[in-house]
Amino acid sequence: MSLVWEGETQSHCVIEHNRGKLFLFTDSARDSHCLLFCDANLSSTNDWQNLLVEEPGIALLDVDFCDTHMVLILKQDNKFRLCSVKLPLPSNVKGPVRLSDLCPNYLPLPDHVCQITSGPNYDFSSSIMRFTISSPVMPDAVVDYNLLNGKWTIVQQQNLLHESTKILYGTSFASPTKENQALDNNHGSNGSNVWNDLLDYYECQYYYADSMDKEVSIPLTVVYSKKYKKDEAGPGLLHGHGAYGEVMDRRWRSELKSLLDRGWVIAFADVRGGGGHGKKWHQDGTRTKKINSINDFVSCAEFLVEKELVKENRLAAWGYSAGGLLVASAINAKPNLFRTAILKVPFLDVLNTLLHPVLPLTPIDYYEFGYPIFIEDFQAIKEYSPYENIKKDVLYPAVMITSSLSARFGIWEAAKWAARARDLTIYDPQRPIVLNMTTDIVEDSKYLQTKELAIETAFLLKTVADP
């Protein structure tokens with residue numbers, strides 16, 4: 001065993017070998033990822049060189065290797081790109097070069113890509129590499145790319161269109177632009193086929209909301225049905241997470257179709273604390289700066305109402321796990337801004353849970369939210385913790401809280417928050433606080449997941465309906 005790289009705390013490092021070269025993909029000591037390389041027989045902690053010159057507006061998100069190519073996942077001006085580079089590298093490459101100098105081949109992608117995930121790609125000698133392509137307006141597509149000729153094949157994808165008519169399941173309006181299109185759901189590998197997206201039925205738009213501190217603009221993705229043109233504002237659902245440096249999940253989810261087909265707007269707030277915009281974006285939403293995440297979510301909610309994308313008093317919020325903390329804290333800050341909220345296995349009693357290390361937390365939770373034995377962290381947590389900041393004698397939105405014994409965040413947190421909110425806030429039968437608890441492991445059962453999603457959707461439709 002030889003030491004080739006000394007990693008740092010909270011850094012990401014992946015090492016690969018190809019034909020006598022070592023490649024290192026890392027964000028150590030940097031705000032974003034970079035790709036380093038060196039000769040395998042000379043490797044030490046000091047031999048690494050940057051492969052690519054840092055170019056403004058281009059971020060390297062991931063890299064995968066096979067024997068003949070490496071494939072780079074890039075984000076260029078907030079647009080995803082996927083390109084392959086032939087290996088081995090030219091012999092004249094000794095230091096940083098521009099990506100264009102490596103003659104990259106850009107692989108086909110659909111519109112509005114929000115995530116590209118590398119597949120297992122176990123066969124290193126194969127020049128066919130698999131990726132999962134995600135979009136807010138297309139079911140996840142598992143795609144095989146032939147890197148030798150650039151051809152591609154969709155291996156697996158949920159089909160939401162009738163085979164013979166290309167009409168969307170569960171709706172009566174026909175496609176305006178693809179009704180005469182050749183029906184090819186097998187997506188042959190000639191590279192000229194079309195993506196099985198839903199752009200004929202749903203619109204995806206992008207906005208930026210100014211943060212409260214005026215330091216950043218928060219990306220906001222908005223999806224709605226083309227059948228309901230946004231000439232008049234209707235109900236809306238705002239998703240948020242903003243923790244652990246995770247990229248905001250904006251993938252198409254079939255359970256949202258029921259809302260879209262009823263004229264709802266579905267929005268995704270990429271607040272600070274998430275991982276969509278580098279390490280600094282994540283760090284600006286952690287520990288004593290966690291309040292930034294909550295304020296960003298409130299700013300996005302206000303933006304939707306002010307721009308009349310969503311009708312006032314008809315905005316709902318949705319948060320899962322740490323996203324439940326985000327939504328619950330936003331409700332405390334602006335209870336009149338939201339009509340309804342869904343909190344799934346939420347982290348609601350932050351201060352008490354972090355003060356008890358015997359509970360099922362990990363070191364990353366303390367890095368993310370703070371360690372309350374330190375006075376600064378204690379005061380910051382107390383400022384935003386959902387349980388501590390429920391307002392007395394104020395009308396709150398309707399809230400549904402779901403939790404189970406299998407959740408990493410304790411089931412008692414949901415029960416404590418619900419009990420205190422019912423005790424302190426103004427009672428309104430039109431805005432109930434509903435606690436949905438189960439001893440089942442919902443994550444392991446597709447039936448239970450579907451049942452839970454159906455209950456949440458019914459709750460949204462019931463509580464956000466016009467008075």
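Q: In which strand is the place of serine 225?
A: Keep in mind that this is a predicted model. The strand in question covers residues 217–225, and serine 225 has its place in there. So we're looking at strand β14.

Q: Is serine 225 buried or exposed?
A: Its relative accessible area comes out at 2%. Buried means under 20%, so serine 225 counts as buried.

Q: Which residue's backbone nitrogen lies 3.2 Å from a polar atom of the serine 225 side chain?
A: For a polar contact, the N or O atoms have to be within 3.5 Å. Here a polar atom of the serine 225 side chain lies 3.2 Å from a backbone nitrogen. That nitrogen belongs to lysine 227.

Q: How many aromatic pairs does a search of the whole structure find?
A: One of them joins phenylalanine 23 and phenylalanine 37, with 6.5 Å centre to centre. That pair links distant parts of the chain, from strand β2 to strand β3. Over the whole structure, the search gives twelve.

Q: Are phenylalanine 23 and phenylalanine 37 stacked or edge-to-face?
A: There are 25 degrees between the planes. Planes under 30 degrees apart count as stacked, so this pair is stacked.

Q: Which residue's ring has the charged end of lysine 416 sitting over it?
A: The charged end is 4.7 Å from the ring centre. Arginine 420 also lies over the face of this ring, at 4.6 Å from the centre. The ring belongs to tyrosine 387.

Methods
Residues are numbered from 1 along each chain as its sequence is written. This is a predicted model: local features need pLDDT of at least 70, side-chain atom pairs count only at pLDDT 80 or more; totals for chains, interfaces and linings use all residues. Side-chain values use heavy atoms; hydrogens and water are left out. Rings of Phe, Tyr and Trp (its six-membered ring) pair if their centres lie within 6.5 Å; planes under 30 degrees apart count as stacked, over 60 as edge-to-face and the rest as tilted. Helices (H or I, at least four residues) and strands (E, at least two) are DSSP runs, numbered from the N terminus. A charge sits over a ring if NZ of Lys or CZ of Arg is within 6 Å of the ring centre and within 35 degrees of the ring normal. Buried means under 20% relative accessible area, exposed over 50%, partly exposed in between (1.4 Å probe, protein chains only). A polar contact is a pair of N or O atoms within 3.5 Å; within protein, one must be able to donate a hydrogen and the other to accept it, and residues adjacent in sequence count only if both atoms are side-chain atoms.
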